[in-house]
Amino acid sequence: MTASVDLADFLPAYLAEVEELLDSAHRQLMAVEASARRGAAHPKSVRELFRALHTIKGLSAMVDVEPIVSISHWMETSLRQADQAGGRLPESSVEPLMEGLRAVEQRMRQLAAGKDASPVPPGLLERLEALGVSSPVVASTARPSALLLDETLALAPRLTPTEREQLTSGAGHRRPVRVDFIPGAERAARGITINSVRERLAALGELVKVVPVAGPAPGGGSLTFVLLLSTDASDAVLKEAAGGEPAQVRALSTAPSAVDGPSVPEREPELEEEPEEGRRSSGTLRVEVSRLDEALERLAALVVNRSRLQRAVVDLTAVGAPTRELRAILQENGRQLRDMRAAILRLRMVRVGDVLERLPLLVRGLRRTTGKAVRLELEVGDAELDKAVADRMLPALVHLVRNAVDHALESPEERRAAGKPPEGRVRLGCHANSSGWVDITVADDGRGVDAGAVARRAGVPVPRGPDDLLELLCRPGFSTREEVTSTSGRGMGMDIVRRIVVDQLGGELRLETRVGEGTTFHLRVPLTITLLDAIIFECAGLRYAVAVGSVEELIEVEAARVVRPAGAHGVALVERRGQSVTLVSLARLLGSASAQAVDATPPRGLVVRQRGELVAFGVDRLLGQQEIVLRPLEDPLVRVPGVAGATDLGDGQPTLVLDLNALGAARRPGSGGREERAT
Amino acid sequence: MSEVLVVDDSKVMRDMVVACLRPYPGLNFTHASSGLEAIERLSLSPYDLLVLDLNMPDIGGIEVVEFVRGQDRLRTLPIIIVTTRGDEASRARALSAGANRFMTKPFTPDAILAEARGLLEEKPA
């Protein structure tokens, strides 16, 4: 028997997991770098980094991506040595490791785009290999302190010197504690497992080690997990975290070591960057966005169905049937649908902090290339954003932060001369307001935008206010000039920022700047957006979009097969698989056609279903299919039956998104059209 | 029905192992994402095969093997260790601790399937 398994099928899942591992690796490496700069060790992060690369290597081998296997192998090798050296990594090793991560990342992107991963960049392996050879193996400096572990269990030999040190040298009021957790089937069913207990205890202090001990345990178990941690939490809190009875909490006594005496040399300062949040909580679930979109689509179908029901009830009421109860249910049903839509949209929310986790890395790179001292402050709290919005916003924010460091911030000397602290500051703030919008600010304390200089460069009069200045900065042509030394500085790619924020997402962009003091960009974007797979077509010289899901079929309209019954005003019939379908000239319907366009037979038809009946809309040309961001027309007075909203196809021009089902209905006498939408 | 416990902190890797073994009829799979979870599950219900990663965040695969072999009830549980190039030094340790087979990534679906079949069918009653 041969297994009909192709591991290449796992490529999408592989890409998703490696992406997560890379994020974690970046965070750990930056923590390691921060420690290395102080000459300190960071054993935890080195270990995590090692493990991330080890996993990447193994997975890449399984799906046969040899370049990533090689890169991660050599990175792993040098990290193994650092791990054996007590988590000490020379600062000079950080850059080649960063380079390695970037190389892996680049190949991931190639794979995601359906290409082959390119070979390992020349020289990289040699540089990584050299790290392993040259990094001096510094012996661990941790001295075993006298920790009197419970004599009943021979745990002490199972602790490394570093672990003993971690247990006994807790800062502040921390004390070494032993928590016994006894797993059980009934407890597991309630979600109290070693994984959840470990996670809860890790949040209460420093969890140093977990040792499984077999043998009769209180409560009839046969296994005890002994968790050793350094904590300031009370016994009651610890016991609760371990799931209550029959868990036990015991203090571990420590005694000063006779060798060390009281003159213990000062400890290294507490490590400040413990990327604890990097651990993914087991309470989260990865879901493909397309599945959530599918749920939304299903919901949209429900909403359409509800309008049919509503109409039926109206008809019933009209003939005098008792429908009061029915109407009450219908109203409740409408509320439930809205709640459900809100619940599904909440599933698509991602933490802004997670989305921006790569920005510190970007700033780090800029610090290196520009030689400027920069501090990036992220004040995003727990703000959340629709994943679709976040994905689109990220490039805009990257642009703004890059601009701020590249152009707005002065060199340390310039800043000192201007009486500013030498280290520049870029602050990114974010908070959601209650009305469905998110406010984001990107502020720097740099030189500000000199309106006069910008005007000179653009060859126009000096703009009067910040809005005019922003307008100027966002001119597409303006962005192409790249003068790093210019005093106006800003403007690189501002047109792209505005395209994303204003045109794509329908948000707002404002500028506030003071020469010599700094610049703040205020962005306001919607909390959620509606994505739509759309067919783009041309009709009477204009482009339109229509949801793919609403179109039953695309047909060729042959003039010879079009029948125009005499007297039927503007209505023609076209044959489709032996069936007559009403052919409507979309150009005429939209009132945008010249006389000759109406007379000519449109070459293509979009077939849609209206109240069970097929209708073909004649259009001039099909331009393709793409995912669009649907921006509903917000003003209720402008709500036109048949128009779902507008979108930007990437050229900055608004394009109408048609709802052909309703467009046909509105045309008919006596029909109200479908105005109810899932909003 | 034979119960298989697949232990790896990488979900993709667990899914791959399951996909590789799926063609063998009558297997039921349970996942564990850490060595400690594996020990917990082994103590709570019986299994017929353990597929174990070596490199995990809390306690490594070798410690799991040592733990398993230290228990009367689990002394004959077949264990396949799955690991990555560079872990060769661990191979001897894992085998001497009592692991039955050792697979190094990359391996083919057929290779691990053949090992699993061998272990499940030769398993002493």
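**Figure 1. Burial and surface of chain A in the predicted model.** In this predicted model, buried residues make up 47% of the 679 residues in chain A. The accessible surface of chain A comes to about 34000 Å², and 52% of this area belongs to carbon and sulfur atoms. The secondary structure of chain A consists of 21 helices and 24 strands. Among the contacts in chain A with a separation of 6 or more, 68% are accounted for by residues 24 or more positions apart.

Figure 2. An unreviewed UniProt entry places the feature "modified residue: Phosphohistidine" at His54(A). The residue is found in helix H2 of chain A, which covers residues 43-62. In the model His54(A) has a relative accessible area of 3%, and because the cut-off for a buried residue is under 20%, His54(A) counts as buried.

Figure 3. Helix H1 of chain A, residues 11-37, is the place of His26(A). This histidine counts as buried, at 3% relative accessibility. Leaving aside neighbours within four places in sequence, the residues in contact with His26(A) are Met98(A), Leu101(A) and Glu105(A), together with Arg358(A) and Leu361(A).

Figure 4. Four strands of chain A form an open sheet in the order E3-E4-E2-E5, and their pairing is antiparallel. Strand E3 (205-217) and strand E5 (248-251) are the edge strands, each of them pairing on one side only. From one strand to the next, the twist averages 20°. Within this sheet, strand E2 (residues 175-181) and strand E4 (residues 221-231) of chain A pair in the antiparallel sense over 7 bridges, and Arg175(A) stands opposite Thr231(A) in E4(A). Helix H2 of chain B, residues 35-44, lies across E2, E3 and E4 of chain A, and runs at about 155° to E4(A).

Figure 5. Strand E14 of chain A, residues 530-539, is mostly covered, since 8 of its 10 residues are buried. E14(A) is joined by 9 bridges to strand E22 (residues 621-630) of chain A, and these two strands run antiparallel; at this pairing, Thr530(A) stands opposite Leu630(A) in E22(A). E14(A) also pairs in the antiparallel sense with strand E15 (residues 542-547) of chain A, here over 6 bridges, and the bridge partner of Ile535(A) in E15(A) is Val546(A). The hairpin of E14(A) and E15(A) has 2 residues between the strands, and Ala540(A) takes a positive phi near 50° in this hairpin.

Figure 6. A disulfide is a covalent bond between the sulfur atoms of two cysteines. Over all chains, a search of the whole structure finds 0 disulfides.

Figure 7. Leu614(A) has its place in strand E21 of chain A, residues 613-619, and is buried, with a relative accessible area of 12%. Not counting residues up to four places away in sequence, Leu614(A) touches Glu552(A), Arg576(A), Val581(A) and Thr582(A), as well as Val607(A), Val608(A) and Arg609(A). Between Leu614(A) and Ser580(A), which are 34 residues apart in sequence, the distance in space is 9.0 Å from C-alpha to C-alpha.

Technical notes
Residues numbered from 1 in each chain as written. Chains lettered and ligands numbered in written order. Predicted model: local features only at pLDDT ≥ 70, side-chain atom pairs only at ≥ 80, totals over all residues. Heavy atoms only, no water. Buried < 20%, exposed > 50% of the residue type's maximum accessible area, 1.4 Å probe, protein only. Contact = heavy atoms within 4.5 Å. Areas by Shrake-Rupley, 256 points an atom, 1.4 Å probe, with all protein chains shown as cover. UniProt positions renumbered as here; feature names shortened; annotations may be inferred. Pairing = 2+ DSSP bridges. Disulfide = S-S within 2.5 Å. Axes fitted to C-alpha atoms, helices over the stretch in contact; angles between N-to-C directions.
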